[in-house]
Amino acid sequence: MGFFDLKAICGVCDRETGLNRFKVKKPNAWICPECLKKAGGITSVDFSKVTIEDIKQMIEEKEWKQEKRSNAFINEPLSTAEGMYRYCIENNLGSGWNEKWGGKHFKIIENNLLDGEKVHLTFIGLHNYISATKHGNNFAYAITNKRIMMAQKNTIAGEKFQSVSLDNINDITFKSGVALGTVTVDTIKETFNIGLSKVSAKLINSKIHEVINDIKNNKGNGKLESNDAASTADELKKFKELLDMGALTQEEFDIKKKQLLNL
Ligand SMILES: [Zn+2]
């Protein structure tokens with residue numbers, strides 16, 4: 001087979017590769033651009049080392065991870081950055097931020113979640129708020145069964161992350177100012193003033209108290225309802241929504257759809 005043979009078969013998916021194919025040395029084989037993309041793209045695949053079998057395994061692992069992530073998103077929405085961000089929007093908890101940055105701040109929170117740590121409430125506000133012009137910009141906040149987490153992704157300073165155990169919180173109070181409202185978290189070590197719109201400040205303050213009381217009374221540890229009873233149609237609808245909001249790619253949606261319909 002010469003290099004310019006028009007027809008070549010992908011060693012991974014057994015379909016025709018088209019001309020945008022890539023050569024895999026061990027064994028002497030081709031891979032199509034779709035399969036390369038599934039394996040993580042040109043930067044993840046070292047063509048001088050990997051075999052077709054390695055690539056197949058890479059794709060399987062990636063799909064497995066993606067499936068785990070989308071299942072986590074469905075079963076426990078607040079365990080992922082997307083879910084935490086969406087929760088803020090749907091409950092009007094915070095203002096003055098966009099999806100790109102909101103997602104980045106919450107990604108830090110997602111990455112710092114411990115085993116068994118469960119997020120109960122999330123919001124975005126202006127960290128270390130002094131006045132409308134003096135503050136530390138937007139932070140993402142999460143109240144979990146263990147602590148308050150605060151995170152900011154910043155192009156200059158990188159990542160900022162801090163957390164305070166719920167046991168170390170003295171009090172949480174709310175104040176309505178001229179321009180914005182403030183939620184103040186008073187901890188054993190320091191005090192955090194969080195700037196929010198007046199409406200969200202009031203709402204967040206009462207929600208925080210509700211959530212923390214629930215956690216302290218152990219009501220917050222209730223088991224998640226089983227999804228087993230949910231009909232296939234409901235499940236499909238949820239995945240369609242995820243697709244529409246961009247949390248799943250078309251490819252991922254198709255995989256889930258196939259699984260649900262046993263195709
Ligand atoms: Zn292929």
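**Figure 1. Leu248 in the loop between helices H6 and H7.** In this predicted model, Leu248 sits in the loop that links helix H6 (232-244) to helix H7 (250-260); helices (H or I, at least four residues) and strands (E, at least two) are DSSP runs, numbered from the N terminus. Is Leu248 buried or exposed? Leu248 is buried because 22 other C-beta atoms lie within 10 Å; the label buried asks for 20 or more other C-beta atoms within 10 Å of a residue's own, exposed for 12 or fewer, and partly exposed covers what is in between, with C-beta atoms placed from the backbone. Not counting residues up to four places away in sequence, Leu248 touches Ser70, Phe239, Leu242, Leu243 and Phe253, where a contact means that two C-beta atoms, placed from the backbone, lie within 7 Å. Leu248 and His135 are 113 residues apart in sequence, and their C-alpha atoms are 35 Å apart in space.

Two notes on reading these views: residues are numbered from 1 along each chain as its sequence is written. Since the model is predicted, local features need pLDDT of at least 70 and side-chain atom pairs count only at pLDDT 80 or more, while totals for chains, interfaces and linings use all residues.

Figure 2. Stepping back for a moment, the chain has seven helices and nine strands. Its C-alpha trace spans about 75 × 45 × 30 Å along the principal axes. The radius of gyration is 23 Å, whereas a compact globule of 263 residues would have one near 18 Å; the radius is taken over C-alpha atoms, and the globule rule is 2.2 Å times the number of residues to the power 0.38. The chain is divided into domain 1 (1-75), domain 2 (78-221) and domain 3 (230-263), with bounds from an automatic or database domain assignment. The centres of domain 1 and domain 2, taken over C-alpha atoms, are 41 Å apart. Of the 263 residues, 28% count as buried.

**Figure 3. Helix H4 and its packing partners.** Helix H4 (residues 99-112) has 14 residues and reaches 20 Å from its first C-alpha to its last, close to the 20 Å expected; that expected span is 1.5 Å times one less than the number of residues. Which residues of H4 are buried? They are Gly102, His105, Phe106, Ile108, Ile109 and Glu110. These buried residues pack against helix H3 (81-91), S3, S4, strand S5 (147-154) and strand S6 (158-165). H3 brings buried residues too, including Met84, Tyr85 and Cys88. Just after H3, Asn92 takes a positive phi of about 55°.

**Figure 4. The largest nonpolar core.** This core has 34 residues, and those with the most contacts inside it are Met84, Ile109, Ala140, Tyr141 and Ala142; a nonpolar core is a set of buried Ala, Val, Leu, Ile, Met, Phe, Trp, Tyr and Cys residues joined through C-beta atoms within 7 Å. Among the elements that give two or more residues to this core are H3, H4, S3, S4 and helix H5 (198-216). Leaving aside neighbours within four places in sequence, Ala140 is in contact with Gly102, His105, Phe106, Ile109, Thr122, Ile124 and Ala151. Another core, of 10 residues, lies apart from the largest one and includes Val12, Cys32, Leu36 and Ile55. In soluble globular proteins, nonpolar side chains tend to be buried together.

**Figure 5. Two antiparallel strand pairs.** Strand S3 (residues 119-126) is mostly covered, with seven of its eight residues buried. S3 pairs with strand S4 (residues 138-144) in the antiparallel sense over seven bridges; a pair needs at least two DSSP bridges between the strands. Within this pair, Phe123 has Tyr141 of S4 as its bridge partner. Strand S7 (residues 169-176) and strand S8 (residues 181-187) are also antiparallel, over seven bridges. A hairpin of four residues joins S7 to S8, and Ile169 stands opposite Thr187 in S8.

Figure 6. Most residues other than glycine have a negative phi. Asn137, in the loop between S3 and S4, has a positive phi of about 65°. Asn137 is partly exposed because 16 other C-beta atoms lie within 10 Å. Asp14 also has a positive phi of about 65°, and belongs to the segment before strand S1 (22-24). Asp14 is exposed, with 8 other C-beta atoms within 10 Å.
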